[in-house]
Every structure is written in C-alpha cells, then in structure tokens.
Amino acid sequence: MKQDFRRSMGWLHTWAGVVLGSILFAIFWMGTLSVFDSEIDLWMKPTTRLPPATSTLPLESFRPSLNKAISAKAAFWNVTLPNNRDAVIHTHYGTRQKTISADIDPVTGHELPDAGTLGATEFIFPFHYTLNLGLMNVGEWLVGVATMAMLALCVTGVIIHRKIFVDFFTFRPRAKPRRMLLDLHNVTGVLGLPFHIILAFSGLVILGGTYFPTAVNAVYPNARAYFFDSNGLSFLSVKHGKPGAPVASLDEAAKHARALWGGEQPHLVLVTNPGMTTSRIAFFRGNENQVVIDRDVIAFEGSTGKFLSRSPRLNPVMRVQRFLSGVHLIEFHHWVLRWIYFLLGLGSCVLIGTGFLFWLEARRKRQGEQVGFRLVEGIAAGSITGIILATLAFFVANRLLPLGTHVFGLERASLEVCVFYSVWLGACVHGLVWPQRVWIIQCAAIGFLALSAAVLNWITTGDHLLCTLSHSYLWPVGGMDAVLLAGATLALLMVVILARRSRKKALLTRTPVVETV
C-alpha cells in the first residue's frame with residue numbers, strides 16, 4: 001500500500017479489479033442476460049412459442065400430473081400459471097433423485113414435447129449467483145467475495161477520480177487506445193455507479209443467510225426458520241405424515257384464495273408432501289405490479305382443503321429485505337425499466353472489460369513478455385470475449401442439436417452445457433497461447449456465432465424478426481434475433497477497428513532502412 005491515501009485507493013482499485021474482474025464479468029454478463037430469461041427461454045424452446053390463452057384452465061385439469069407426483073412419492077408438486085412474459089403452464093415435482101418438469105399447453109392442457117434444454121432460467125440465471133459450483137456453496141462464496149470487491153471498486157473509483165463529473169462528459173474515441181479505454185471506463189463507471197452499488201448490495205442481502213449466518217441466528221432459531229420467513233413458507237413446518245391421504249380440490253381452494261385477494265389470480269400453486277396426511281396446498285400471488293416481493297401466501301390443509309393460514313404482514317426489516325430482493329430480481333413487469341436494467345448491465349460489462357484492457361495497455365511495453373502479464377491477458381480474453389463466445393455457442397448448439405439427442409450417455413441439455421464450457425475453456429487457452437491477435441480473432445468469432453444463431457433460428461423454426469409484425473406474441477423471439485444481429489454488427493465493427501489500429505501500430509514501429517555510402 002502507498003503512503004498517500006489516494007494512491008493506496010488506486011492500488012486497491014487496480015488489484016481488486018485484476019484479481020476478481022473475471023468473476024465479476026461472468027456475474028454481470030449472466031445477470032444481464034437473466035433480465036430477459038423468460039424471453040430467452042422462448043427462443044430456446046420453440047415448442048413453447050404459443051399465443052396467450054384467453055381463459056385459464058381449471059386447476060383440476062392438472063390432476064394427472066399431481067397423481068404422478070404422488071406415485072413417485074415426491075416431496076412437492078407445483079404448477080406455474082401463465083403471465084404476460086410466459087404463456088405456457090409449467091408443472092414440477094421433485095423426488096430424492098431429481099426434479100421432473102413439464103410444459104403444458106394453456107389452451108388444450110396437453111403436455112408439450114420436451115424442449116431438451118435448461119434454457120436461461122435453469123442455466124444462465126443460477127450461473128450468475130452460484131457459478132454452477134454447488135459443492136459446499138463454493139460458487140456463492142466466490143460470488144460474495146467478488147461482490148464485496150465490486151463495492152470496494154465503486155468506492156475507490158470515486159476517490160481516485162478527482163474530476164468525476166468531468167470524466168462523465170469526456171470520451172475521446174479517436175485518442176490513443178490507452179486514453180480511449182480510460183475514458184470509456186470512466187463514463188460507464190460514473191453513469192452506472194448507483195446501479196452497481198444497489199445491485200451489489202442487494203445481491204449480498206439476498207444471500208445474507210449464507211454470508212452472515214450469525215446475524216440470522218441472532219433473530220431466528222435456525223437457518224430453516226429464516227428461509228421460511230423470508231419466502232412466506234411458515235406453513236411448511238410440519239412432519240412428514242402418513243401416506244394414503246387424498247389431495248382436496250385445487251379449484252375449491254383457489255376460489256377461496258382469490259376471494260381473500262380480492263379477485264387476483266395466483267401465480268404459483270404448491271402442494272407439499274402430496275398424498276400424505278400432512279400435505280399442504282399453498283397459493284402464491286404474483287409480483288407483476290409491485291417492486292416488493294410479497295407472495296402473500298395462502299395455505300390450506302391438503303387432505304381436507306380447510307383454510308390454514310395466510311402470510312402475516314411483513315415487519316419493517318423483512319419488508320426492506322423483500323424490497324431489495326425485488327429491486328435485484330425485477331419480477332415486476334415494467335418493460336422500460338427492464339430494458340434500462342439490461343443496458344446498465346451491459347454497461348457494467350463494458351466497465352469491467354475496459355478496466356482489464358486499460359491495465360494491459362498501461363503495462364504492455366514494460367511487461368509484455370513477462371509470464372504474469374501473459375497470464376492476465378489470457379484470463380482477460382477468456383473472461384471477456386471468451387464467456388460471450390461460450391454463451392453464443394450455447395445458443396447455436398441449442399438450434400443445431402436435434403430433440404432427443406444422446407451422445408456418450410449425455411442428454412441434449414447436458415450437451416449444450418458441455419459446449420458452453422468447452423468453448424469457454426478454448427477461448428482461455430487461445431488467449432494464453434496466441435495473445436497477439438486474440439481480440440481480433442475472438443471478436444470475429446463472436447460476430448460469426450451471433451449471426452449464425454439468428455440465421456439458424458430462422459432455418460430450424462421458420463420464425464424470424466419480421467414474424468413479430470403478424471404475430472405479436474413472437475416479439476421476444478424477434479427481439480432475441482435483433483439483439484443477436486446487433487451484437488454481430490458491433491463485433492464485426494470492432495474487428496475492423498482493431499485491425500486498423502494493429503496495422504497502424506505495425507507501420508509506426510517498423511524500423512526504416514537507411515542506405516549508407
């Protein structure tokens with residue numbers, strides 16, 4: 001650490017970004033995509049591209065699925081009803097071995113063909129807060145450390161920039177690469193500063209039970225009680241019970257729940273311990289019209305349908321927690337805000353990426369041949385362009401792999417994930433082995449894969465950007481294609497810019513030959 005306070009903050013800002021920047025980029029990249037996870041799911045699951053139903057099916061029409069859960073001795077069964085972001089009905093039930101999911105046509109009630117993919121809600125969304133490392137919650141702890149580093153980066157960034165408001169209005173795209181990168185880093189940092197702080201802090205609050213167990217234990221007898229209270233699941237504190245009990249009419253219980261809500265429809269119906277004497281039927285209200293995640297859960301005894309409980313009014317502390325959760329997860333339906341979140345999330349990725357690139361440009365002449373510099377450059381390529389390449393390869397694999405594909409014992413969904421990690425690893429190795437033109441090559445690959453994904457969607461499904469003009473319910477598919485095409489255009493533009501700068505640099509560094517007599 002330096003003796004001068006500002007220089008000390010600069011040292012902390014630099015090395016916190018270099019050490020944890022890769023994890024932060026992955027978190028913000030996947031978190032940004034998760035803003036439109038339902039829309040990405042629609043693109044990745046063509047069988048679910050259905051027009052919204054004009055009326056809802058009776059809950060009793062899902063009784064066959066519930067009976068399957070009872071036969072499998074499932075711990076729970078639930079059905080998610082349609083909303084204005086997802087027109088399909090989803091059923092799930094979980095056994096000790098796995099969770100069984102099904103997509104239901106909201107008009108006919110028939111089960112749709114298995115899409116054979118995890119999609120965004122089951123792969124991209126959990127990745128942004130677990131890194132898909134579940135052993136001993138290692139992923140969540142890494143995300144927590146990186147999030148704390150993000151808060152430190154925000155504070156130290158404000159301290160080391162004396163002219164922070166001037167930096168916001170200063171961007172010189174024609175300047176030298178080092179100056180241009182610093183300008184872009186400053187602009188995205190200042191513009192998204194409130195967003196970065198709020199998202200980082202609220203993420204820590206959501207996973208507070210993992211990071212701060214002492215605080216939870218000071219208020220609740222155990223972590224289970226905190227989980228129940230924070231999610232409105234206090235009715236689950238029951239014993240396993242005895243088998244052989246029927247499940248009461250779901251429609252009758254739903255009628256009672258709607259009356260208590262003043263006519264509002266449930267978003268989720270949950271049956272715990274189905275077929276047991278201690279089963280429960282719970283109805284969860286949606287949060288489409290409010291920021292605070294208040295499920296207002298209404299529970300009934302499963303075997304008799306007798307009213308059991310309703311979630312109590314949130315206390316001030318829990319209401320703050322639910323508000324921060326709502327700000328972070330944006331379950332409310334407001335398309336303008338959702339696009340703002342998406343653009344600010346991309347800005348966060350630009351902030352982290354330009355920080356990496358500025359660090360490299362500032363040291364390239366002095367340390368370009370050192371092992372540490374080469375290692376950071378390879379990691380930077382893998383964590384910036386590499387994860388973007390991997391995500392696009394994930395989408396392309398989704399359009400190329402036929403339904404029902406099995407290779408080496410792996411199902412289609414697992415193969416898509418394997419493609420993602422293989423391409424990501426390959427990008428990292430490419431950055432380590434051949435760093436000279438890694439940015440040009442990987443940007444070109446990004447442009448090619450993004451364009452390929454949009455074209456393959458058109459070829460394999462017949463849906464394309466213009467389909468939204470005649471079928472409004474396909475706008476998420478058209479929007480996905482539009483973003484892919486915009487990304488391809490931007491990536492190919494970057495290839496041209498980087499190639500020109502590379503040629504210009506080569507001309508400037510070429511040693512002239514002088515003839516002597």
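Helices (H or I, at least four residues) and strands (E, at least two) are taken as DSSP runs and numbered from the N terminus. On this basis, L153 is placed in helix α5, which spans residues 138-160. The structure is a predicted model, in which local features need pLDDT of at least 70 and side-chain atom pairs count only at pLDDT 80 or more, whereas totals for chains, interfaces and linings use all residues. Residues are numbered from 1 along each chain as its sequence is written, and side-chain values use heavy atoms, with hydrogens and water left out.

L153 has a relative accessible area of 13% and is therefore buried, a class defined by a relative accessible area under 20%, with exposed meaning over 50% and partly exposed in between (1.4 Å probe, protein chains only). Contact denotes heavy atoms within 4.5 Å. Leaving aside residues up to four places away in sequence, L153 touches H13, A16, G17 and L24.

Two packed helices are described by the angle between their axes and the distance between the axes. Here, axes are lines fitted to C-alpha atoms, for helices over the stretch in contact, and angles run from 0 to 180 degrees between N-to-C directions. The axes of helix α1 (residues 5-34) and helix α15 (residues 371-400) come within 10 Å and cross at roughly 10°. The two helices α1 and α15 are therefore roughly parallel to each other; angles under 35 degrees fall in this class, those over 145 count as roughly antiparallel, those from 65 to 115 as roughly perpendicular, and the rest as oblique. On the α1 side, the contact is made by V18, S22, F25, A26, W29, M30 and L33, and on the α15 side by V376, I379, S383, I384, I387, I388 and T391. By class, the contact of α1 with α15 comprises 11 nonpolar, 3 polar and no charged residues. In this scheme Ala, Val, Leu, Ile, Met, Phe, Trp, Tyr, Cys and Pro count as nonpolar, Asp, Glu, Lys and Arg as charged, and the others, Gly among them, as polar.

The crossing of α8 past α13 is left-handed, that is, the near helix is turned anticlockwise from the far one by less than a right angle, clockwise being right-handed. Residues I198, L199, F201, S202, G203, V205 and I206 of α8 meet Q321, L324, S325, V327, H328 and L329 of α13. The residues of this contact divide into 8 nonpolar, 5 polar and no charged.

Helix α15 also contains L392 and N398. L392 counts as buried, at 8% relative accessibility, and touches I446, L449, A450 and L484, not counting residues up to four places away in sequence. N398 is buried, with a relative accessible area of 0%. With the same exclusion of residues up to four places away, N398 touches W43, M44, T117, R412 and E416.

Both W43 and M44 belong to helix α2 and are buried there, together with D37, S38, E39, I40, D41 and L42. Since 8 of the 8 residues of α2 (residues 37-44) are buried, this helix is largely enclosed by the rest of the structure. R49 is placed in the loop between α2 and α3 (63-71) and is buried, with a relative accessible area of 7%. A polar atom of the R49 side chain lies 3.1 Å from the backbone oxygen of L42. The side chain of R49 also makes a polar contact with the side chain of N457 (2.9 Å). A polar contact is a pair of N or O atoms within 3.5 Å; within protein, one must be able to donate a hydrogen and the other to accept it, and residues adjacent in sequence count only if both atoms are side-chain atoms. Beyond four places in sequence, the residues touched by R49 include W43, T461, D463, Y473, L474 and V477.

Q442 is located in helix α17 (residues 438-461) and is buried, with a relative accessible area of 2%. The Q442 side chain reaches the backbone oxygen of A427 at 3.2 Å and makes a polar contact with the side chain of H430 (3.2 Å). Among the residues touched by Q442, not counting those up to four places away in sequence, are A381, T385, G386, L389 and G431.
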